[in-house]
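Colleague: I'm new to this one. Can you walk me through it?

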Amino acid sequence: MNLPRPHLHSLIFEVTQDCNHACNYCYNVWRGPQTTPYPRGQLDTARTLELLGKALVETRCFHVTLTGGEPLLRPDLLQIIEFLQQRRVQVTLISNGHLLDETMALALVERGVGLFELPLLSHRREVHDALSGVQGAWDAVLAAMANVRLLHGQVIAAFVATRQNIEHIYETVRLAFAFGARGVMFNRFNPGGRGREHLAELLPTVDEVRVALVAAEAAAAEFGIPISCSIPIQPCLIDLDRYPHLSFGFCAAVTVPTLPSTPWGTCALAITAILFWVTFSKPPLRNFWLRSAWSISSQLRHLPAQHVHGAWSARVGVKLLRRSAMAS
Ligand code: SF4
């Protein structure tokens with residue numbers, strides 16, 4: 001079957017693995033226990049721009065999310081954003097906000113950064129700081145939100161729901177609303193990276209998530225602020241229809257054409273997880289994962305295997321994905 005070259009909805013680029021926070025929930029794989037060696041490092045400026053330019057041309061993508069680590073630690077970040085601005089690419093920045101002072105906010109807004117995704121983990125300073133592993137993180141992120149909003153920039157507040165803060169969702173949404181956030185992301189704790197070392201203290205129970213969703217539903221209705229649950233919440237455990245003011249997503253990498261890229265230019269995808277679900281789930285869930293497998297494999301078949309980083313050999317993974325999708 002001949003498929004057209006994919007049109008990517010979004011490209012997610014991890015510009016650096018460095019970070020000035022030490023969040024105990026951080027799911028970045030390079031921050032976790034190194035059971036298997038994970039590549040470190042990043043491309044220099046010239047090679048980063050070359051990679052981005054090539055990716056934009058080959059994927060016809062006009063939206064790039066810059067993330068990390070902490071992107072503001074990268075000295076050439078403004079240069080990268082200017083490069084994207086010249087190509088009329090929309091830019092979203094995911095940051096912990098610690099370095100987003102007035103000067104930096106102005107520089108970013110002037111260069112066309114359209115959306116800032118900043119963490120807001122609690123309405124209580126000590127809880128946010130404890131989860132971030134840094135004193136002053138809460139004050140810094142609220143200042144960052146104010147700096148961006150004063151320049152009429154757009155902010156999304158990201159709430160990572162752990163056992164330490166899940167009861168704070170209503171008050172946190174209220175605080176985000178007061179600071180002019182355009183929306184809130186309710187991200188249930190996603191065990192990975194460093195978070196794997198803190199499962200007992202961080203992983204909420206199903207009932208705790210259910211109660212928090214009721215509070216989030218009430219906050220969304222009261223403040224008229226969109227709340228999205230972008231980390232999948234399993235519909236077999238929680239009836240998502242009970243929360244009409246919340247939106248629920250599945251992994252962006254499998255629902256819309258999106259590719260995450262590491263700082264050295266490889267693609268990081270949860271191939272193993274998708275294959276597992278294709279193999280072991282039953283309809284109608286299996287049909288969802290089959291469609292995901294087809295979508296992912298259609299994107300990856302245009303990439304050389306050495307440019308794909310995964311737990312499995314990328315070449316074997318892509319072949320299996322396509323075989324699974326075609327066989328049904
Ligand atoms: S979650 Fe983000 S801000 Fe926190 S340690 Fe990880 S990369 Fe840094």
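Colleague: How do the axes of helix α1 and helix α2 cross?
Modeller: In this predicted model, the axes of α1 (residues 45–59) and α2 (residues 77–86) come within 11 Å and cross at roughly 25°. Axes are lines fitted to C-alpha atoms, for helices over the stretch in contact, and angles run from 0 to 180 degrees between N-to-C directions. Helices (H or I, at least four residues) and strands (E, at least two) are DSSP runs, numbered from the N terminus.

Colleague: Are α1 and α2 roughly parallel or roughly antiparallel to each other?
Modeller: Roughly parallel. Angles under 35 degrees count as roughly parallel, over 145 as roughly antiparallel, 65 to 115 as roughly perpendicular and the rest as oblique.

Colleague: Which residues meet there?
Modeller: From α1, Thr45, Thr48, Leu49 and Leu52. They meet Gln79, Ile80 and Phe83 in α2. Contact here has a cut-off: C-beta atoms, placed from the backbone, lie within 7 Å. By class, this contact has 4 nonpolar, 3 polar and no charged residues. Ala, Val, Leu, Ile, Met, Phe, Trp, Tyr, Cys and Pro count as nonpolar, Asp, Glu, Lys and Arg as charged, and the others, Gly among them, as polar.

Colleague: And how do α6 and α8 cross?
Modeller: The axes of α6 (residues 169–178) and α8 (residues 206–223) come within 8 Å and cross at roughly 30°. That makes α6 roughly parallel to α8. Their contact has 10 nonpolar, no polar and 1 charged residues.

Colleague: Which residues are in that contact?
Modeller: Ile169, Tyr170, Val173, Arg174 and Phe177 come from α6. Their partners in α8 include Ala212, Ala216 and Phe223.

Colleague: Let's switch to the core. Which residues touch the most other members of the largest nonpolar core?
Modeller: Phe159 and Ala216, out of 63 residues. Helix α5 (residues 137–150) gives the most to this core, with 7 residues. A nonpolar core is a set of buried Ala, Val, Leu, Ile, Met, Phe, Trp, Tyr and Cys residues joined through C-beta atoms within 7 Å. A residue is buried if 20 or more other C-beta atoms lie within 10 Å of its own, exposed if 12 or fewer, and partly exposed in between.

Colleague: What does phenylalanine 159 touch?
Modeller: Leaving out residues up to four places away in sequence, its contacts include Leu120, Ile169, Val184 and Phe186.

Colleague: How many helices and strands are in the chain?
Modeller: 12 helices and 11 strands. Buried residues make up 37% of the 328 residues.

Colleague: Is histidine 152 buried or exposed?
Modeller: Exposed, with 8 other C-beta atoms within 10 Å. Histidine 152 lies in the loop between α5 and β5 (154–161). Arginine 60 also counts as exposed, with 11 C-beta neighbours inside 10 Å.

Colleague: What numbering and confidence limits apply?
Modeller: Residues are numbered from 1 along each chain as its sequence is written. Local features need pLDDT of at least 70, side-chain atom pairs count only at pLDDT 80 or more, and totals for chains, interfaces and linings use all residues.

Conventions
Contact = placed C-beta atoms within 7 Å.
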